[in-house]
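Please consult the sequence and the structure below.

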Amino acid sequence: MRFIPQPLRRLLASEQAGSALLIAATCLALIIANSGFAAHYHALWQTHVLGLSLGEWVNDGLMAIFFLLIGLELKRELYVGELSTRNNALLPTIAAIGGMLLPALIFWQLNQGTAFQAGVGIPMATDIVFALGVLSVLGSRVPVSLKVFLMAFAVIDDLGAAILIAVFYTDAVSWLHLAAALTVLASLFALNRLQVVSVVPYALGGGLMWWLTLKSGVHPTLAGIALAFAIPFARQGHTSLSHRLEHFLQPPVAMLILPVFAFANTGLALAPEALQALCSHSNSLGIIAGLLIGKPLGITLAVCCAVWAGLCVLPSPLRWAHILGAGMLGGVGFTMSIFIANLAFAGQAELIQLSKMAILSGSLLSGLAGWAWLRATLADKPAT
């Protein structure tokens, strides 16, 4: 990164840049999928390379690196960040739980007993890049404590999504391959205890663990989070392997991996019948209602109950209007919601497309609502 000019480096590190690329990739995919190149677009992701289609390399391979970054960020927050003390961790944890349960309940009420109930996890997720990107548009008026609160509950939210994937979206398991993957993980933890700080053994071991997890039937992206906790971390300074790897991965994940994922997964044909189904199908209504209504209400009510019960207090200068606004931004599911939709309805192309249309609609409405609400309620003076 040293050869990149400082102004460009700051731009690449900003949430606005990552969000802008995600939007551009999504728009480009939609344009191509509704043009004469649609057949070529879909055929591209079905092209097989080294035993997997390009779409699978994106969703199973590149996204494992995204989950690795999520794991590194979570570990840092647990050791030295906002989640390192009970009082600091409790508020965003409770917010994340409320923000996962109520959207799931709304979806379940609309789809219980139907063939679509497997999508219950879709509206539970939050897209960190997009949510922080919308918040950053509001500039210096945003209190630091609000940004920290949003980032903390979104990271916990993603951990919840990973657990959901491991428990509910795994079919037949090859216990031999899973045991081998766990053996590799144990070896990496042993290297950590022996204070091995070279990236090479962790990279090689992580690659092997990813392949074994893929063969086991458990979703291979979970290997990314597991690997993150095996990588050495130092509480003091920013020279540990975990710190350096997190810093190294942030630009390519935000500027390449997530936009490629969006481009590969949002090429939706916007036919009139599909748009009609979006407004009437219980699956799409459950997703939209879960993101747009369930997320802000779940987060706000959970925080209200926690404060009322004396479990935690709102950090200054946050107000209840800020919590509601953060909850609205929590309804921007996008990346994680699309990821779960692919797993929930694997092999059901029409249902996946309908789910993705609902995710895009719910995320867009949630982002606009959160931006408008916070723009109206945040103070005009710079935040401290």
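Does Phe263 count as buried or exposed? At 19% relative accessibility, Phe263 counts as buried, where buried means under 20% relative accessible area, exposed over 50% and partly exposed in between, with a 1.4 Å probe and protein chains only.

## Basis of the model

The model is predicted: local features need pLDDT of at least 70, side-chain atom pairs count only at pLDDT 80 or more, and totals for chains, interfaces and linings use all residues. Residues are numbered from 1 along each chain as its sequence is written, and side-chain values use heavy atoms, with hydrogens and water left out.

## Aromatic pairs

There are 10 aromatic pairs in the structure. Rings of Phe, Tyr and Trp (its six-membered ring) pair if their centres lie within 6.5 Å; planes under 30 degrees apart count as stacked, over 60 as edge-to-face and the rest as tilted. Tyr41 and Phe263 are edge-to-face because their planes stand at 90°, with ring centres 5.5 Å apart. This pair links distant parts of the chain, 222 residues apart: Tyr41 belongs to helix α3 (residues 38–46) and Phe263 to helix α11 (residues 241–265). Helices are DSSP runs (H or I, at least four residues), numbered from the N terminus. Tyr41 is buried, at 4% relative accessibility.

Phe130 and Phe334 also form an edge-to-face pair, 4.9 Å centre to centre with 90° between the planes. Phe130 lies in helix α6 (residues 128–137) and Phe334 in helix α15 (residues 334–344), so parts 204 residues apart in sequence are tied together. Both Phe130 and Phe334 are buried.

Met336 is placed in helix α15 and is buried at 1% relative accessibility. Leaving aside neighbours within four places in sequence, Met336 has contacts (heavy atoms within 4.5 Å) with residues including Phe66 and Phe67. Phe66 and Phe67 form one aromatic cluster with Phe261 and Phe339.

Conventions: Helix = DSSP H or I, 4+ residues; strand = E, 2+ residues; numbered from the N terminus.
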